[in-house]
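Hi,

Here is the structure I promised to pass on to you.

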Amino acid sequence: MWVITTKKTDSPNHGSEGPTFKGILKKAYDGAHTIRFVMLSTYIAVTLITLILMSAYITGILSENLYSEETNKLYAKANIISQTACEVWDSDEENLLFLRFEDIITRSLAGTNIRGVITNNSYTVLYDTNSEAAMTGKVFMRSVLKRALDGEQADLMFNSDSGKTATVAVPVENGTEIIGGVYLAENVSSINDTISAIKTSLIVFCVMIVFVLGILSIGVSYIITQPFSEFTEVAKAISKGDFSRRASVKGMNEIAEMGRALNYMCDELNELDEKRKNFVSDVSHELKTPMAGIKLLCDTLVEAGNPDMETVREFLGDMSQEIDRLTRLINRLLTLSRLDAGKNRSCSDVDICALCGGVVRSLGKLSAEKAIIPVLDTGILDKLIIIADYDKIYEAVYNIVDNAIKYTPPNGNVTVRVDEDEENCIIDVEDNGPGIPEGEKTKIFDRFYRLDDSRARDTGGTGLGLAIAKEAILLHGGTIGVTDAPDGGSVFRIQLPKRPGGAV
């Protein structure tokens, strides 16, 4: 038995990866929200509106001037005809007047297409250049003519089947008596043609201007927005941990300033990342050293077979020292962590004179071992009250005085001075130790930094004391620095604001 199966195959175009209409719309939508598109559309819109308003103003003024000029010409001819007609208006014979008026109007309107009409004060036509209208002897009523027979000089512009027509009417006066009127009419469609031609030229001109400006706007917008694209790429690289990227900066404008700020941020992040890596490396090394010592002591004790009790006590004592060292390191790391977080700061009134006195007393045993007598100099101050976290300031001052005693030779001098100015309290810790090289003064506050690594280990230092002191002082909005003492050694200066400052 045969079983025939069929399999539906996809059409050749099925699953093809071509641009969809929805995708095109999304790209268009995204493109319409870019700064480049906004700048381009704004430039073109402002220019187009300006050109339209300017063109409308030009054509309006030009049209008004041309029509006004043509009206003034008609007035001039009408007044000439009126004055001349008045001079020959001395007969009641209509045929004679007709001939006289024909001569006057023919001479006055020669070479023009102006229609001329002369009426008496009863609106009866005495002469009309339009013989086809056959208005002679008939009543000719026009609004401008009525105004003329009322003593005005009137004009009117209207549209007719033959096009736009300009009309004027002036009275014919014999002394103070109005004896008739002169009516002139002219087709001024040619002015409309001229205005239309000018409008067409202006439209072409506007299109050319918009086209040229569009091209220039694209170039300008590209020049302005191109750095932002680069800034975006640099920011993306930074977000992925690549702090080596830098934005190219040219000029002194706001965009260049933004690029410099971005590069500065990259430098700071790169430096911070290097410090983080060094910190991790230093912590690993510092933890590894006591742990390796403990392991070595344990291994030695295990391999000793049957050691006597004195040897065991000696090994256990050494292990206890390594554990104490490890404990100090961990405690100081925790202290730094809390200072970095800026939390758990409990401010109260703190007497700096009493605080420094407590530090000097607590280090009495260490200083006595080196025959050093720390001196507390408060000058004329009995008390110096500031608002601060007592424990953190105490630890900062303790670390600096402890550091001074450790690095001062036996029988040396360590002096703690307390002073004030208008805004700050000042604590100086001076020693006559070996001093600090100029190039190292900015580094000694870095974490795990030691001037003399072997000597620091001998004194039990972790390389974190000055770093903790700095963070505690900065947390209160203060400053800390080091200078050379006049007679050798160093002077550490702490300045703390009397009022609350720093992170709360």
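Below are my notes on the model as a whole and on its aromatic rings.

This is a predicted model, so I describe local features only where pLDDT is at least 70 and count side-chain atom pairs only at pLDDT 80 or more, while totals for chains, interfaces and linings use all residues. Residues are numbered from 1 along each chain as its sequence is written, and side-chain values use heavy atoms, with hydrogens and water left out.

First, the confidence. The mean pLDDT (the predictor's confidence in each residue, from 0 to 100) is 80 for the chain, and 85% of its residues reach 70 or more. Over residues 1-17 the pLDDT is below 50, and this stretch has zero contacts (heavy atoms within 4.5 Å) in the model beyond near neighbours in sequence. Where pLDDT is low, the predicted coordinates should not be read in detail.

Now the overall build. You'll find 12 helices and 12 strands in the chain; these are DSSP runs numbered from the N terminus, with helices (H or I) of at least four residues and strands (E) of at least two. Of the 504 residues, 36% are buried, where buried means under 20% relative accessible area, exposed over 50%, and partly exposed in between (1.4 Å probe, protein chains only). Among contacts with a separation of 6 or more, 64% are between residues 24 or more positions apart.

Then the rings. There are six aromatic pairs in the structure; rings of Phe, Tyr and Trp (its six-membered ring) pair if their centres lie within 6.5 Å, and planes under 30 degrees apart count as stacked, over 60 as edge-to-face and the rest as tilted. One of the pairs is Tyr394 with Tyr398, which is stacked, at 6.2 Å centre to centre and 25 degrees between the planes. Both sit in helix H10 (residues 390-407), four residues apart, or about one turn of the helix. Tyr394 is partly exposed at 22% relative accessible area, and Tyr398 is partly exposed at 25%.

Another pair, Phe445 with Phe492, is edge-to-face: 6.2 Å centre to centre, with 80 degrees between the planes. This pair links distant parts of the chain, 47 residues apart: Phe445 is in the loop between strand E10 (424-431) and helix H11 (453-458), and Phe492 is in strand E12 (residues 490-497). Phe445 and Phe492 are both buried.

Ring pairs also join Tyr390, Tyr394 and Tyr398 into a cluster.

Happy browsing!
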